[in-house]
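This briefing covers pockets, a helix packing and salt bridges in one protein model. The sequence and structure come first.

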Amino acid sequence: MNELMLSHVKEAAERIESLVHKTPVFTSESINEISGAEIFFKCENFQKSGSFKMRGAANAILSLSKKEREKGVATHSSGNHAQAVARAAQSVGTNAYIVMPNTAPGVKKRGVLSYGARITMCQPTQKAREETLKEVVAETGAAFIHPYDDYRVIAGQGTSALEFLNEVKDLDVIMAPVGGGGMISGTAIVTNALSPHTKIIACEPEGADDAYRSLQKGKIVPPPENPKTIADGLLTSLGDKTFAIIQQYVDEILTVSDEEIIEAMRLTWERMKIIIEPSCAVPLAALLKHKERFEGKRIGIIITGGNVDLKKLPFT
């Protein structure tokens, strides 16, 4: 696959149908009133394994040959992709080998183990993740499922937007978080094809704003050595494939502070009665920060996951 197109996302949707949920779209009158916009929330926090990552992991694993699949799959992830790969591997009867930083939330480690995967811990840097993964792959012969910079993964993530735009028409804006860029890339491919008038906005924490800086400079800017943000799912750097898609289709990247993320997370828990993790609150935080820009508009927000360590809530 040299270039990702809507047809690849549609093929992925058919491929993974038996392994994923079609997630609901929620609205909140009180949040609409607070924001001044009409917001539709695509709730991937209700997805299997607790996040949208199940879509990309399932598509990538089901795209492997039988011989490749027999040797197992491996990846590195701070949590949600790890759980998704572990769950998808378990669903098709193969082994999963997961490299996780030692700072990963306990709830995500427990999730990975519950799906029967083997965890190898490493230091919380991109270099440590990649070097440890190489060792694991050399030992096991497992196929590497990249967390985001893989067209099979991106196509899988795009199936969320495919469902979303088939259900909710005429969005003025669609918003999603950006870390490595898999979700926003898949979303951008689908939105550009199905609803070209809809603006595509990626949202990122100020403490890990490498995607914002990369888009400004026209080249990939690596994140700081130890990025500081509560949004632990958005700490990774962009990949070549995701950056190219973002450059082509994403209209803008907005950044928000941790305080704004926590407030948006609290608002969602209180008003919608659903569990979302800090990374998922970033788009709503950006909308609330720039309310005047979005007033009166129809906004789609992808809530990307709900795997929260309940012992470490930021607003208790």
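**Pockets, helix packing and salt bridges**

Helix α7 (residues 126-140) gives the largest share of the lining of the largest pocket, three residues. The model is predicted, so local features need pLDDT of at least 70 and side-chain atom pairs count only at pLDDT 80 or more, while totals for chains, interfaces and linings use all residues. Residues are numbered from 1 along each chain as its sequence is written, and side-chain values use heavy atoms, with hydrogens and water left out. Helices (H or I, at least four residues) and strands (E, at least two) are DSSP runs, numbered from the N terminus.

**Largest pocket**

- A pocket is an open set of points on a 1 Å grid over the protein atoms alone, where a 1.4 Å probe fits, with protein on both sides within 12 Å along at least five of seven lines; lining residues have an atom within 4 Å of a point.
- The volume of the largest pocket is about 750 Å³, counted as the space filled by probe spheres set on the points.
- Its lining has 31 residues, and T103, P227, T229, D232 and L235 are the ones nearest the centre.
- By class, this lining holds 13 nonpolar, nine polar and nine charged residues; Ala, Val, Leu, Ile, Met, Phe, Trp, Tyr, Cys and Pro count as nonpolar, Asp, Glu, Lys and Arg as charged, and the others, Gly among them, as polar.

**Second largest pocket**

- The second largest pocket has about 200 Å³ of space.
- Residues lining the second largest pocket include A13, I16, H21, R55, T159 and E163.
- Helices α1 and α8 (151-167) each supply at least two lining residues, and α8 has the largest share, with five.
- Four nonpolar, three polar and five charged residues make up the lining of the second largest pocket.

**Packing of α1 and α3**

- Helix α1 (residues 6-16) packs on helix α3 (residues 53-62) at about 85°, with the axes 9 Å apart; axes are lines fitted to C-alpha atoms over the stretch in contact, and angles run from 0 to 180 degrees between N-to-C directions.
- The two helices are therefore roughly perpendicular (65 to 115 degrees).
- A12, R15 and I16 of α1 are in contact with R55, A58, N59 and L62 of α3 (heavy atoms within 4.5 Å).
- This contact has four nonpolar, one polar and two charged residues.

**Salt bridges**

- The count is eleven salt bridges, each a side-chain nitrogen of Lys or Arg within 4 Å of a carboxyl oxygen of Asp or Glu.
- R118 and E139 form a salt bridge at 3.2 Å, N to O.
- R118 lies in strand β5 (residues 118-122) and E139 in helix α7, 21 residues apart, so the pair links distant parts of the chain.

Notes:
Parallel < 35°, antiparallel > 145°, perpendicular 65-115°, else oblique.
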